[in-house]
Amino acid sequence: MSYAEHLTELHGLPVEDFPLPDEDDPQLPEAGTVAWRISYDPYSEESGEIFEERFERFLTTVDSCRVRALIIGQWGETYDKDAGVIVDLLVAAKDRLTSLEAVFIGDLETEEAEISWIEQADLTPVLDAYPGLRELGARGNAGLRLSAVKHQNLRRLRFETGGLGGHVVRGVAESDLPALEYLEMWFGVEAYGGSATVSDLAPLLSGGRFPALRHLGLQNSEIQDEIAAAVASAPVVAQLASLDLSMGVLTDEGAAALLDGQPLTHLKRLDLDHNYFSESMERRLRDALEPSGVEVALSEKGHEDEYDGEVNRYTAVAE
């Protein structure tokens, strides 16, 4: 399966692509009933309208004060212009997007740009500019930054990367987010900037940092066994309803650590897809958890190959 696909919904709202300027009298939905997707493909556009112009046309065409969810797709050449331009546009529009509750930056598929080619930016100013924001997500890791921040209303935070920097994880773990319910981070691999370690997660795993947290996704990591071992004894797990350790290099070693650690039978769902488990370990996991009503996702297998006597295993997303 492909993990980097265009969003079909955001904040519970269906996606609506903002039309090109040459479309004849498009019938637009009410501003607050959809998640608006704005994008600009420099290879196929013929109108001459650049992203900044398209964004301004969006603000003047729809009832901007009623927009609730905004998705930013391609904004030009990914190697030529980072997401700083998007951050600047959003900050400048804060008095016009007064109902904004959800933002996702970097909704590009592989055909538009590999995930690790997407040039991100410091997203902290977006949270500072929108105290009412409830959901923030981003795809891409180059240049991605988030400082420790205080935000009273953010409920969902999501980073999709092929290589997540340790400074981003530390920024999240040191933030004051009392309403945060859902946290998802794709760690990726070292070759594409994945420098985050288990120690970076310590403030988060210790519990108490995010009292409302109910879903934790620590995914797509080449150190997934180490993460599983840390999670196995992490106090934060007791408050969760769902735990996602999918997409990474998770083997029998990591699964055994989970089974030998604290009880997980209170979870509604444990996602371990894209794994490298033996059949016997899969049976152990199901036998230990499913009788208690835990939905255990185990179906997808990770890709592995062997070269010169060495077995190579891969995360779901890297480049």
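Me: How do the axes of helix H6 and helix H7 cross, and within what distance do they come?
Reply: In this predicted model, the axes of H6 (residues 224–232) and H7 (residues 252–260) cross at roughly 5 degrees and come within 8 Å. Angles under 35 degrees count as roughly parallel, and H6 and H7 are therefore roughly parallel to each other.

Me: Which residues make that contact?
Reply: From H6, Asp-225, Ala-228, Ala-229, Val-231 and Ala-232; from H7, Glu-253, Gly-254, Ala-257 and Leu-258. By class, the contact of H6 with H7 has six nonpolar, one polar and two charged residues.

Me: Switching to the sheet. How many strands, and in what order?
Reply: The open sheet has 12 strands with mixed pairing, ordered E1-E2-E3-E4-E5-E6-E7-E8-E9-E10-E12-E14. E1 (9–10) and E14 (295–297) stand at the edges with a single partner strand each, so one side of each has no neighbour in the sheet.

Me: How do E4 and E5 run, parallel or antiparallel?
Reply: Parallel, with four bridges joining E4 (residues 69–72) to E5 (residues 102–105). Ile-71 stands opposite Phe-104 in E5.

Me: And which strands does H6 touch?
Reply: H6 packs on the sheet against E8, E9 (215–221) and E10 (242–244), and its direction makes about 155 degrees with that of E9.

Me: Back to helix pairs. At what angle do H1 and H2 pack?
Reply: H1 (residues 51–61) and H2 (residues 84–92) pack at about 25 degrees, with axes 11 Å apart. That makes H1 roughly parallel to H2. Their crossing is right-handed.

Me: Which residues meet there?
Reply: Phe-51, Glu-52 and Phe-55 in H1 meet Val-85, Ile-86, Leu-89 and Leu-90 in H2. Six of the contact residues are nonpolar, none polar and one charged.

How values were computed. Residues are numbered from 1 along each chain as its sequence is written. This is a predicted model: local features need pLDDT of at least 70, side-chain atom pairs count only at pLDDT 80 or more; totals for chains, interfaces and linings use all residues. Side-chain values use heavy atoms; hydrogens and water are left out. Axes are lines fitted to C-alpha atoms, for helices over the stretch in contact, and angles run from 0 to 180 degrees between N-to-C directions. Helices (H or I, at least four residues) and strands (E, at least two) are DSSP runs, numbered from the N terminus. Angles under 35 degrees count as roughly parallel, over 145 as roughly antiparallel, 65 to 115 as roughly perpendicular and the rest as oblique. A crossing is left-handed if the near helix is turned anticlockwise from the far one by less than a right angle, and right-handed if clockwise. Contact means heavy atoms within 4.5 Å. Ala, Val, Leu, Ile, Met, Phe, Trp, Tyr, Cys and Pro count as nonpolar, Asp, Glu, Lys and Arg as charged, and the others, Gly among them, as polar. Two strands pair if DSSP finds at least two bridges between them.
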